[in-house]
Structures are given as structure tokens and as C-alpha cells.
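Here's a quick tour of aromatic contacts. Have the viewer open as you read.

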Amino acid sequence: MREYKLIVIGLLISSLAYMGCNRGEDTHLFRLVDPEESNVHFTNHIETTDLFNVLDYMYFYNGGGVAVGDINNDGLEDIYFSSNQSTGRLYLNNGRMNFTDITESSGVASTVWGTGVSMVDINADGFLDLYVCVAGSTTGGQRRNLLFINNGDLTFTERASAYGLADTSYTTQAAFFDYDKDGDLDIYLLNHIHQFSGPNDPLPKKTNGQAPNTDRILRNELDTLAGHPVFVDVSRSAGIVIEGFGLGVTISDINLDGWPDIYVSNDFVSNDLLYINNHNGTFTNKIGEFLMHQSHNGMGNDIADFNNDGLPDIFVADMLPQRNKHRKLMAMNTGYDLFNLTQAMGYEPQYTRNTLQLHNGFDRDGELIPYSEIGQLSGVHATDWSWSALFADFNNDQLKDLYITNGHLKDLTDLDFIVYRQARSRFTTQKQRDSLYLDLLQKMPGIHTRNYFFKNSGDMTFKDMSATCGGMKPSYSNGAAYSDLDNDGDLDLIINNVKEKASILRNMTQESSMSGLNYLQLNLRGPAKNTQGRGAKVTLYTSDGIQYQEQNPGRGYLSSVTGILHFGLDTIERIDSVLIQWPDLNEQLILNVSVNQRLDILYDTADLPSQRGVSKKMDSSVNTLLFFPGDKIDYTHLDREYSDFNVEALLPRSFATQGPGMAVGDIDGNGYDDLVIGGSSQIPLQFFFRDNSGFFRIDRFASDSSYEDIGVLLFDCDSDSDLDLYVVSGGSEYWASPEMFQDRLYLNDGSGKFVLSVEALPQMQSSGSCVTASDFDADGDLDLFIGGRVVPGAYGKSPQSHLLINNDGRFEDRTQQVASG
């Protein structure tokens with residue numbers, strides 16, 4: 001009977017997991033389309049040779065991208081895969097998930113190391129062109145980016161040089177947008193370099209545009225004689241001057257001022273960049289103001305409103321393993337000392353994990369409130385060696401889900417591999433070390449694992465449904481894009497894999513029991529020089545709230561998604577209104593919209609801003625905080641540099657900087673609350689006395705400034721109607737000097753002046769954390785509980801806490817009598 005129950009329970013758990021993604025239907029959310037069915041046999045082959053390998057190009061294994069778009073305007077979106085060591089491939093969509101390879105006949109075959117790819121109508125003739133970024137080769141002449149101009153007859157002509165776009169940098173990806181709002185599309189080129197040794201070494205930042213791995217911005221200037229745009233490098237004058245190892249770029253109006261901004265995710269120690277548009281053709285990097293910390297190894301990124309509050313949120317992929325075993329085998333390159341060194345050199349804080357930055361809206365003055373990073377809270381922070389990240393509503397439930405590609409052909413971060421290679425490399429020449437490295441690399445396994453699909457739970461969290469949603473087989477996946485390839489009302493996925501055939505995941509929502517979930521698709525037909533309406537914003541208003549999207553197809557990693565905006569609607573049968581705001585702020589409002597259709601939205605029918613009025617920031621995004629900053633106190637906490645990791649290498653966290661403790665109360669008896677903030681080693685405790693004018697007077701308490709003040713309590717210990725001060729000593733710095741962990745009690749003379757009461761406390765030489773007061777023995781005075789924090793130098797042992805009984809202002813340790821064990 002026991003065995004029977006276990007089987008039933010196991011089947012029930014499996015069924016519940018299955019239903020979580022599929023709502024009980026008989027099919028998975030995705031079905032992996034067989035290449036024999038789709039006729040898509042593309043594989044991104046990568047082979048190491050003595051002539052060209054990772055020693056010549058450090059991003060040798062970083063893969064290729066995907067672009068989707070309707071190149072022949074037949075209503076079906078076509079696919080291009082970039083390739084590293086063979087030609088990229090262009091597939092014409094025949095409908096019903098079947099494609100024809102037209103690479104050679106269309107004229108887009110090439111022999112370059114293709115990286116990022118975009119489909120964009122660069123010359124505004126109504127046909128999508130193809131821009132392929134190039135890297136890899138050590139020869140600049142072989143790194144010229146390619147621009148294939150669509151001839152309108154399923155053939156293309158390469159014209160990058162004529163358009164000024166044959167850039168020879170190590171280009172990762174291009175983003176197309178109208179940064180100066182002159183009506184035409186400009187280009188941001190995301191760059192990197194080959195630097196096999198030391199990319200994580202913190203060096204002084206190069207911020208004047210002289211580094212070869214500085215990104216570029218090219219302005220569109222129409223050549224009337226040539227009859228097409230010519231792009232001019234204006235990077236320095238535009239303020240694009242900071243170096244990086246760029247792996248992801250997304251355009252979004254971060255501060256909702258009507259101007260497009262640029263988010264760049266950078267690999268290694270180089271910080272991410274958030275270039276805010278200054279409205280005058282220049283940008284300023286404000287990432288330090290808007291984000292509290294970032295991902296360390298920034299890969300691909302996406303920006304979307306995942307919680308339907310009308311504000312753009314930011315996701316950046318990194319490479320933190322999901323399994324603890326793999327984390328212990330991985331070289332993180334972000335140790336404590338390196339972290340502190342980068343801070344001292346002016347780098348913003350970075351951590352090796354995915355980050356999800358939640359937009360917090362704006363304060364009462366219209367200024368952007370810094371983002372909150374909630375990746376761990378949301379459950380999306382650890383997805384192994386990740387690349388592309390895409391937000392989209394894949395199951396049509398009104399919530400944007402998250403798809404992340406994963407895998408790496410060689411696990412270059414494996415600690416055993418690194419340590420063994422270092423040991424074998426001693427007393428050898430550079431040539432011998434290189435030969436050893438390549439030999440070991442051939443034997444090195446890869447990170448061959450499935451991609452991730454996170455279902456949006458609607459409460460700021462995501463549920464990992466990768467195992468139950470179908471199509472998530474182990475792979476070495478890189479670039480990805482989404483598109484409704486079969487025009488059935490749900491979004492399919494296309495993935496570029498290394499050494500494996502590309503994946504097409506057909507979305508089965510409309511073919512399953514979820515077919516009752518509705519949708520709306522919008523095909524934006526923009527102004528004359530921006531036919532896709534790039535930079536437009538669309539807001540849907542329904543009985544359930546709002547949905548917000550921006551028309552910027554370049555997102556994820558090396559890829560460009562569909563230009564048709566897709567909104568899942570769950571069971572909503574009619575949309576109250578759709579508001580479209582074009583890049584020039586012209587608007588149009590469509591009322592009472594039917595569901596389950598694709599609408600063509602024409603710019604020519606839009607209203608001028610003066611006719612409708614334009615709100616820069618949505619009402620729901622303003623005054624979202626419960627509290628707003630008041631008068632600032634002139635105080636910055638300082639702590640002497642000390643690493644307890646050097647004493648105990650296996651500590652899970654540092655205990656050296658636990659303070660400062662703070663307490664509020666009327667210390668001087670004038671009727672106004674004052675503030676006391678504990679000090680740290682060699683930094684005195686400070687009092688901030690408030691008067692009737694609302695200003696604070698600062699008094700530094702120089703006595704006993706050698707202690708670490710972790711807990712602070714204001715209470716009346718001697719029943720004389722004023723507030724006395726108890727200070728808990730703690731931290732881990734004085735592990736060899738236990739007397740420095742003695743707590744202290746200071747008596748108030750009634751006017752806010754304090755004197756140390758030497759005899760009031762028993763000897764307590766343990767590192768504490770907190771203190772609280774209560775009349776534990778019901779005798780009319782306040783007793784104390786002091787919480788222990790850590791045993792310095794012996795982490796793992798239980799720290800000592802104390803229960804102190806008040807006897808007329810003197811305290812007796814009764815811990816063993818009343819709280820033993």
C-alpha cells in the first residue's frame with residue numbers, strides 16, 4: 001500500500017507542475033519543430049584550429065544571433081541566422097512552419113564571423129534590409145560590418161561602405177533608433193575587443209573615447225546625390241566615450257521624457273552603461289544614479305514593463321549557476337578584495353548573477369527614483385551561463401514571461417581546469433603555455449544544459465517552468481528572437497545554437513485548451529523615414545489595467561525580434577482603448593478595440609501633440625513612494641577597511657561592517673526627537689539634536705571611539721525620566737581582543753550629556769547585534785535582552801546572547817538562570 005501511495009503522489013506532483021504551465025491541456029506550451037518539418041537545417045559550426053582559436057579571439061564560443069522580419073511583405077515573418085565560421089542563412093517563410101533557404105539566391109551569403117544581426121528598413125523604401133555585425137578576425141579588413149539592401153524582389157545588394165556602415169571594430173550588435181528626433185534612424189554600435197589576458201583586472205577607466213572597445217553612435221545624414229543615407233560617426237561629440245566589453249544593448253525611454261535612452265550590458269569588470277538622452281544630441285551615463293548595483297558579467301539584456309505599471313524594467317543576464325555544486329566549481333572572478341578594489345577605483349558595485357531592475361517611478365518633482373534590484377526576490381537570478389533574455393507574453397495571460405538562452409561549448413570557468421593549467425604552466429614558455437591550454441581545452445566538457453522559461457506569476461515573482469513547457473532540451477544556445485511565425489496569435493521562439501541545428505519552438509497556446517485566451521497584435525506603419533515606427537510607445541487600457549510596450553526590436557543577445565507588437569489579453573473580449581505615441585510625440589487613440597486581430601496602425605492618421613496634449617510621465621508612475629526625502633542630515637558612515645575573510649576563508653559573508661546602530665528619542669528634553677548613530681572603529685558615535693526650527697545640531701561623542709557600535713538603544717534605565725544610552729559592541733575585527741566586545745551604558749544628566757556607567761554592566765565579551773528593553777520581571781523597571789551575532793574567529797559556534805535584569809540601574813546577567821540552553 002505504501003508503494004502505491006508514493007506512485008500516486010508522484011504522479012500528482014508531476015501533473016500539478018505540468019498544469020502550472022499548461023493550465024491542464026494535453027499539450028506543452030512549446031513544441032520543438034523538427035528540422036525536417038521546418039526545412040531549417042542551420043547550424044552554427046565552430047571548430048578550433050591552430051590558425052584560429054580562442055587565443056586569437058576570446059569570444060570564440062559566444063555564438064550568433066537571430067533576426068526576424070517580413071522581407072517580402074507577404075504577411076509572414078522570415079528568419080536570418082548569423083554564423084561564425086560559415087555563411088549566415090536567410091530563410092523565407094512559406095507558412096505552416098515551413099521555410100525555404102534563399103541564402104545564395106538572395107545574395108546574402110558571406111564568409112565573415114557574424115555576430116549581431118538586425119532587420120531594419122534603413123533606406124525607408126518599405127522593405128526590410130539586413131545589417132550583420134562582424135568580429136572574430138584579427139585583421140580589421142575582415143571585420144567590416146555588412147549591410148544588405150533589400151531590392152524588393154527577394155534579392156539583396158551589399159552596400160555597407162556606401163552607407164558609411166562598414167565599421168571594422170569588434171562589433172557585437174547594432175541598435176537602430178532616432179536619438180536626435182530628426183525623423184530618421186541613427187545607429188548605436190556595441191563594441192568589444194580581443195583581450196585574452198586580464199579583462200577582469202580593474203584598471204583606471206577610459207572615459208574619453210580613446211579605447212578601441214568604446215561604442216560608437218552614427219548619425220543619419222541623407223546624401224541627396226547618392227539618394228540614400230550616409231552615417232557619420234559623432235560618438236565623441238555625443239558623449240559616447242566610455243570603454244566596455246559590450247554584449248547587450250537595448251533602446252528605451254527610461255525616464256519617460258519622450259527621448260530614447262541606451263542601456264548597455266558590459267562583460268567582465270567594465271560597468272554597464274545607461275546613457276540618458278540630453279535632448280541636444282548628447283548623452284550622459286547615469287547608471288550610478290539610477291541603479292544601486294549591476295550584474296558583473298553582463299550578457300544580453302531586455303527592457304520591458306513586466307509588472308504592467310507602465311514603467312520600463314531592466315533585466316541583464318549573467319552566469320551564476322543554479323546548482324550549488326556548479327557554483328563551487330566555478331571561478332567567479334568577483335572576490336571580496338577585488339570588489340573593494342573596484343569600488344576604490346570608481347567602479348559601480350557588481351555581482352555575478354542576473355539582475356532584474358524594477359522601475360520605481362518618479363518623485364513629486366518628476367525626478368526618477370532609483371531602481372530596486374529584485375532578481376533574487378523574483379527567482380530569476382541564477383540561470384547558469386546565460387545569453388539572451390526576452391520578455392514577452394508567451395501564454396497570452398496579460399503578463400510578460402521571461403525566456404533565457406543558456407550554455408557554453410567549453411566551460412572556461414571550471415576551477416579544476418584553471419588550477420591544473422596554472423600548475424602545468426609553471427616554468428614554461430608562452431608558446432608552451434598556449435599549446436597546453438588548447439590541448440586541455442579540446443578535452444574540456446561544455447555547459448550543455450536546457451534554456452529557461454519563467455512564467456510570470458503576477459506578484460513580482462516568476463516560476464521556473466523550463467522542465468514542463470516543452471522544447472527545452474539541453475543545448476548550447478545563444479541568440480534568440482520571438483515572432484508569430486504561423487500567424488496564429490501566439491509568439492513562437494527561434495534560437496541560434498552552436499554545433500546543433502537551430503531550434504524553432506512553436507507556441508501551442510492557440511492549439512490547446514488555452515485557445516480561449518485572446519490577444520491583439522499591432523503592426524506600426526511609421527512616418528516616411530522611420531517606416532517601422534521605432535521608438536513608438538503603445539499603451540493598452542482594459543478592465544484589468546494597462547499594458548505598455550515600446551517599439552524597439554533590437555533586444556536580447558545579438559538579435560532582433562518581430563516588429564509587430566503582441567499583447568496577450570487572457571479572457572478579455574474587448575479593449576477599452578489603445579494609445580499610440582509616436583517618436584515625434586504625435587498621438588492617436590483607438591477606442592473600443594476588438595480582440596484576436598492584427599491591426600495596422602498608420603502614422604498618417606495621428607494627431608498632433610497640441611491637439612491632444614502629451615503627458616511625459618504617466619499619472620500612475622508619479623508619487624509611488626510612501627515616504628519622500630526630507631531635510632538631509634550631514635552624515636556619511638565610515639568604516640575602517642578590514643577583511644575577516646582573511647581570518648576565516650569560508651565565511652558566507654563579512655561580519656566586519658554590521659553597523660551602525662541607530663536610535664531616536666528626545667535626548668535633551670526639549671520636546672523634539674533627536675537621533676543617535678553609532679560609530680565604528682576610530683569613528684565616534686554622533687548625536688543629532690533637533691530644535692524647534694527643524695535643524696539638527698551635531699555632537700560627536702569622542703569617548704570610547706575604538707568600539708564597533710552595532711546596536712543602540714535609548715531607554716530610561718534608572719527611572720529618572722530621561723533617556724539613557726545603551727550601546728552594543730560587535731563586529732569581528734577584534735577577534736583577538738575580546739575586551740573590545742564589552743557593551744556600554746551611558747547615563748543622561750537630563751540635558752543630553754552622557755557619562756559612562758562603569759559598574760552598571762556585567763562582563764560580556766561577546767560580539768553582539770541588537771538590544772531591546774522590556775520589564776521582563778514585572779518590577780517596574782526596564783530589563784534588557786542583548787542578541788549575540790557571531791563568535792569572531794570561530795564562525796559556526798553559537799554566539800552568546802544575554803538577558804540582563806535591572807536592579808535599580810545596575811544590571812545582572814540572569815541568562816543561565818532563566819534562559820539556559
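Phe 453 counts as buried, at 1% relative accessibility; buried here means under 20% relative accessible area, with a 1.4 Å probe and protein chains only. Phe 394 is buried too, at 0%. The two ring centres sit 5.9 Å apart with the planes at 70°, so this pair is edge-to-face. For the terms: rings of Phe, Tyr and Trp (its six-membered ring) pair if their centres lie within 6.5 Å, and planes under 30 degrees apart are stacked, over 60 edge-to-face, the rest tilted.

Phe 394 is in the loop between β24 (386-392) and β25 (401-406), while Phe 453 is in strand β26 (residues 452-456), so the pair ties together parts 59 residues apart in sequence. Strands are DSSP runs (E, at least two residues), numbered from the N terminus.

## What the model is

This is a predicted model: local features need pLDDT of at least 70, side-chain atom pairs count only at pLDDT 80 or more, and totals for chains, interfaces and linings use all residues. Residues are numbered from 1 along each chain as its sequence is written, and side-chain values use heavy atoms, leaving out hydrogens and water.

The structure holds 38 aromatic pairs. In one of them, Phe 306 and Phe 462 have ring centres 5.6 Å apart and planes at 40°, so the pair is tilted. Phe 306 is buried at 1%, and Phe 462 is buried at 7%.

There's also an aromatic cluster whose members include Trp 113, Tyr 170 and Phe 268.

Terms used:
Buried means under 20% relative accessible area, exposed over 50%, partly exposed in between (1.4 Å probe, protein chains only). Helices (H or I, at least four residues) and strands (E, at least two) are DSSP runs, numbered from the N terminus.
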